[in-house]
Amino acid sequence: MTETEMDTTTRNTNAEEILRVSGLSTRFFTQEGQVNAVSDLDLRIERGEVFGIVGESGSGKSVTARSLMDLIEPPGEITEGKIEYNDPDLADAVRDDYPQAVDGEYVDLLEVPADVRESLRGTSFSMIFQDPESSFNPTLTVGEQLAEAVEVQRRASARPRSTRAKTQDYTLASFALSTVLPSREYVSEESRERAIELLEMVGIPDPVERADEYPHEYSGGMLQRAMIAQALAGEPDVLVADEPTTALDVTIQAQILDLLAEIQEETGMTIVLITHNLGVIARMCDRVGVMYAGEIVERGTLEDVFDDHVHPYTEGLLGSIPDLEGARGRLQPIPGNVPSLLDSEMEDRCYFADRCPNAMEDCLDHPPEYDADGSADHEVRCVLAERDYEESRALPEGYFGETERPAADKHADPDRTEEDVQPERAEQPVDDSGGDRL
Ligand SMILES: Nc1ncnc2c1ncn2[C@@H]1O[C@H](COP(=O)(O)OP(=O)(O)OP(=O)(O)O)[C@@H](O)[C@H]1O
Ligand code: NI
């Protein structure tokens, strides 16, 4: 181990992990059979970092995000694993009733009742989505909805989580209470003012007037900003952003990413950023996990993944982003199809082997995660971490049957959104449409 590697190791043991996900599996029990959307997934998210999850369409990114937020609905189900959240007060509050859920300052959110999980939504965890329409009620003004979100936070901070309740009953009941949305008439003037502040913070011009408008009166980019404001109303520790810019045009995409980066810097919030776009990852993230077929197949720092990647899938993803010069690069989608995640069709091998230019006999066994060169965080689910590619061990052409043309990826339309988000960490000029945001 080199000296630099030692340093990284030290840093990582010291950094506080706000979220520890271990062995998480999420299945959908559909008429066609069991869909293994997320399988045995491990994640360690450090407080204050921007952690990116990237992968092709169907790789399980959104299901991972929704699992973290406890938003999986039937026929889906988290079938295994732990989602441990670092919150000493919560740990104290639930320790007596749910000792198996608590490990020091961590609480396994899958071991506490649903109402406790729900009480954390908005105030500890918040999520923004690709389509802001889904986050707003069309019949209420944006200002009213933001004020309601602020009220939820006020109630949550009024509950005796940090002062330790006298009785467990009271503690748990208070968690549940904070999930009840106040009705409109209880929204205080203070919350209204805070709503306007939030709109201003996310760069909405004339926030006082805009607060009284309905969602449909907002442009796509403005509504995206308003959704971010809504997500921030509860001052969450962790923001999960699922493709927050994909639906927007390139200029607005860049502005929204800048806004998120600014807010992150200002508040120290932890962000889990989900995207199919490695350019967005390069611009925003500290560390990244590359997802394929419901698993993280490569993870590490940006440097690990961009410069020292081992997995041919990562290589393939990198080949499908535009070149660094900003000239329209030739996008080369990875040949072959995203695999079926139907349990009955998944073989116990490397799930990428049928598309992999370097598939060997070794790949017929499902690979574990290996340590890879680079930072201490660099891990890869590929035998190439352990051995070089050997032509003599290559699987014969056509081993997995006919390889077809790549499936149309709904996100991979190069003419629309990809070209201007550059895969480098450039300081972008701040857009001037928003005034003072923070
Ligand atoms: N409600 C559902 N019922 C059945 N299968 C589902 C459901 N939701 C997701 N899946 C399956 O889970 C797998 C992962 O989907 P997910 O939405 O997480 O992919 P993704 O990586 O977010 O893709 P995209 O980039 O297209 O958003 C897919 O095979 C999908 O078909
Ligand atoms: Ni998705």
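Two strands are said to pair if DSSP finds at least two bridges between them. The legends below apply this wording to a predicted model.

**View 1. Strands E1 and E4 within the open sheet.** Eight bridges connect strand E1 with strand E4, which covers residues 76–86, and the two strands run antiparallel. Within this pairing, Val21 has Ile83 of E4 standing opposite. The two strands belong to an open sheet of five strands, arranged in the order E2-E1-E4-E6-E5 with antiparallel pairing. At the edges of this sheet lie strand E2 (33–46) and strand E5 (102–103), each of which pairs on one side only.

**View 2. Strand E3 and its two parallel neighbours.** Strand E3, made up of residues 50–54, is mostly covered, with five of its five residues buried. Val50, Gly52 and Val54 point one way from the strand, while Phe51 and Ile53 point the other way, and all of them are buried. Five bridges link E3 in the parallel sense to strand E9 (residues 270–275), and four bridges link E3 to strand E10 (residues 287–292), again with the strands running parallel. Val54 takes part in both pairings, for this residue stands opposite Thr275 in E9 and has Val290 as its bridge partner in E10.

**View 3. The surroundings of ligand 1.** Ligand 1 is surrounded by 15 residues, of which the closest are Ser57, Gly58, Lys61, Ser62 and Val63. The residues of this shell divide into four nonpolar, seven polar and four charged. The largest share of the shell, three residues, is given by helix H2.

View 4. In the case of Ser62, an N or O atom of the side chain is 2.8 Å from an oxygen atom of ligand 1. Taken alone, the ligand exposes 630 Å², and the protein buries 70% of that area. Strand E1 (17–30) and helix H2 (61–68) are the elements that give two or more residues to the shell around the ligand.

**View 5. Thr123 in a loop.** Thr123 is placed in the loop between helix H4 (114–120) and strand E7 (125–128). Is this residue, Thr123, buried or exposed? Its relative accessibility is 9%, and because buried means under 20%, Thr123 counts as buried. The side chain of Thr123 reaches the backbone oxygen of Ser119 at a distance of 3.2 Å.

View 6. Which residues of H7 are buried? They are Ser191, Arg194, Ala195, Ile196, Leu198, Leu199 and Met201. As background to reading such a list, an α-helix has 3.6 residues a turn, so residues three or four places apart point the same way. Just after H7, Gly203 takes a positive phi of about 80°.

Key: Residues numbered from 1 in each chain as written. Chains lettered and ligands numbered in written order. Heavy atoms only, no water. Buried < 20%, exposed > 50% of the residue type's maximum accessible area, 1.4 Å probe, protein only. Near = heavy atom within 4 Å. Polar contact = N/O pair within 3.5 Å; in protein donor to acceptor, adjacent residues only side chain to side chain. Areas by Shrake-Rupley, 256 points an atom, 1.4 Å probe, with all protein chains shown as cover. Nonpolar A, V, L, I, M, F, W, Y, C, P; charged D, E, K, R; others polar.
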